[in-house]
Amino acid sequence: MGLGDIADSISRQIEAMGDATSEALFEPVIRLGVTGLSRAGKTVFITSLVANLMNRGRMPSLIAASDGRIQTAFLQPQPDDTVPRFDYETHLAAMTGPTPKWPASTRATSELRLSFRVQPGGMIGGLRGPRTVHLDIVDYPGEWLLDLGLLDLSYADWARDTLARIENRDQAKAFLAAAQVVDSTERLDEPVAKSLAMGFAEYLKAAREDGYSDCTPGRFLLPGDMEGSPALTFAPLPAPDKNLRGSLYREFERRFEAYKSRVVKPFFRNHFSKIDRQVVLVDVLGAIHAGPAALEDLRRAMSEILTAFRPGSNAFLSQLFMGKRVERILFAATKADHLHHTQHGRLTAITEALLRDARDRADFAGAKTAAMSIASLRTTVEETIDHKGSALDCVRGRLRDSGKSAAFYPGDLPEDPARLLSPARNGDADWLDADYQIMRFAPADVSLKPGEGPPHIRLDKAAEFLIGDRL
């Protein structure tokens, strides 16, 4: 550990002690991290959660709300002036306006502070006045969280694993063809390096579009003002027999290390290390629809995410989390409204099964983890239709592309998650006995009564798990 790391570790411990003292004596702060994997609906989740916490008519499972202990909830300026504010008002208007539409997705870190006036419960609470509790919601891309797994890898390890994983993917054919004709022992040629990096980034975008989750490095997808920088100009290449100084391979190796030290570590140091609670939104239905390979890829991604919450295995994380630990982690399978409620339990069971290996291996030092099926904004209604003499439990919604109303039956999820996880682990190309479909629905027209937030499925239960104990 260098002097800089020691100084940073000491300052972090002092900062944590100061925060704890301030919260205990004055106004408690809950920092909730929200991230999502590949179209999981992060922006919609945050918008609907805030709207329903401010107007709690649809939140019966949030005990502090159903007991009447939350007197009011209101937005305040966020404490971090250097982070963009989550554009809650614009997103809510898009979802619930006269012509509802999905809000634009956020592409960088943002933050929002929601403050509660809460009357403490119990005998002692009756003798005290209401207190203020702040909820700071930190929104960041899921791809950035997956980058944490790179910290334990050398460039050679990462390149070898990546090339092996993508060798049979159609989305990677163009990049792999370009990489095969490059002599990585030759001196660095910047146009060649840029071409390879762009080709790899195009593969990542195509893979994410088709439902894959292992899309790292994450900044290749969301480069922002770093686009074109050397730290984002590398790609996986096979290890050569000779690793010569000044060669393309050696330079990619150096840039990979720069990406970890200049991009990954600062993000986690500045944002991730301050989080108390975390929700990871996962499009499990989309992965099932994409096929066994995408579901297995999702399982690996979720395992890597859980690794981020057991810092003992990584020296950087051990320093980062001194005096601070994430207390609760929720993995929420989104788009439950695409299924009839009779299948929600099966979706939750599949999500739990995807987490099981990582849970069994991990030591979370007291952190609670949970899986749940939710819909942040309900877009469908349920109905049963007759099909060839059989009753089908369907959902009906407005199609995103045409605007027409349609009834939809996605297929029955299996009661035993192994029916999906086993072929995914075995590398099967397709599901053998079923065909799982998805439909893109637009937001439904809503008419909100006073005191009601947007319609949802189990958002109140998610909120109770994440923050209920602190209210």
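1. For the count of residue types used below, Ala, Val, Leu, Ile, Met, Phe, Trp, Tyr, Cys and Pro are taken as nonpolar, Asp, Glu, Lys and Arg as charged, and the others, Gly among them, as polar. The structure is a predicted model, in which local features need pLDDT of at least 70 and side-chain atom pairs count only at pLDDT 80 or more, while totals for chains, interfaces and linings use all residues. Residues are numbered from 1 along each chain as its sequence is written, and side-chain values use heavy atoms, with hydrogens and water left out.

2. The largest cavity has a volume of about 80 Å³, and a search of the whole structure finds 4 cavities of 30 Å³ or more. A cavity here is a set of points, on a 1 Å grid over the protein atoms alone, where a 1.4 Å probe fits but cannot get out, and lining residues have an atom within 4 Å of a point. Grid points are joined across faces, edges and corners, and the volume is the space filled by probe spheres set on the points. The lining of the largest cavity divides into 8 nonpolar, 4 polar and no charged residues; among them are Leu285, Ile288, His289, Phe408, Tyr436 and Gln437. Helix 11 (residues 284–290) supplies the largest share of this lining, 3 residues.

3. An open sheet of 7 strands has the order 2-3-4-1-5-6-7, and its pairing is mixed. Its edge strands, each pairing on one side only, are strand 2 (70–76) and strand 7 (368–373), and the twist averages 20° from one strand to the next. Helices (H or I, at least four residues) and strands (E, at least two) are DSSP runs numbered from the N terminus, and two strands pair if DSSP finds at least two bridges between them.

4. Within this sheet, strand 2 and strand 3 (residues 110–118) pair in the antiparallel sense over 6 bridges, and isoleucine 70 has valine 118 in strand 3 as its bridge partner. Helix 16 (residues 459–467) lies across several strands, including strand 1 (29–37), strand 5 (277–282) and strand 6 (328–333), and runs at about 165° to strand 6. Contact means heavy atoms within 4.5 Å; axes are lines fitted to C-alpha atoms, for helices over the stretch in contact, and angles run from 0 to 180 degrees between N-to-C directions.

5. Arginine 113 and aspartate 136 meet through their side chains in a salt bridge (2.7 Å, N to O). This pair links distant parts of the chain, with arginine 113 in strand 3 and aspartate 136 in strand 4, 23 residues apart. The whole structure holds 29 salt bridges, a salt bridge being a side-chain nitrogen of Lys or Arg within 4 Å of a carboxyl oxygen of Asp or Glu.

6. A further open sheet has 3 strands in the order 8-9-10, with antiparallel pairing, and its edge strands are strand 8 (380–387) and strand 10 (405–408). Strand 9 (residues 390–398) is joined to strand 10 by 4 bridges, and glycine 397 stands opposite alanine 406 in strand 10.

7. Two backbone details deserve a check. Threonine 216 and proline 217 are joined by a cis peptide bond with omega of about 0°, and proline 217 is in the loop between helix 9 (190–209) and helix 10 (248–270). Lysine 335, which is not a glycine, has a positive phi of about 65°.

Technical notes: On a 1 Å grid over the protein atoms alone, a cavity is a set of points where a 1.4 Å probe fits but cannot get out, and a pocket is an open set with protein on both sides within 12 Å along at least five of seven lines; lining residues have an atom within 4 Å of a point.
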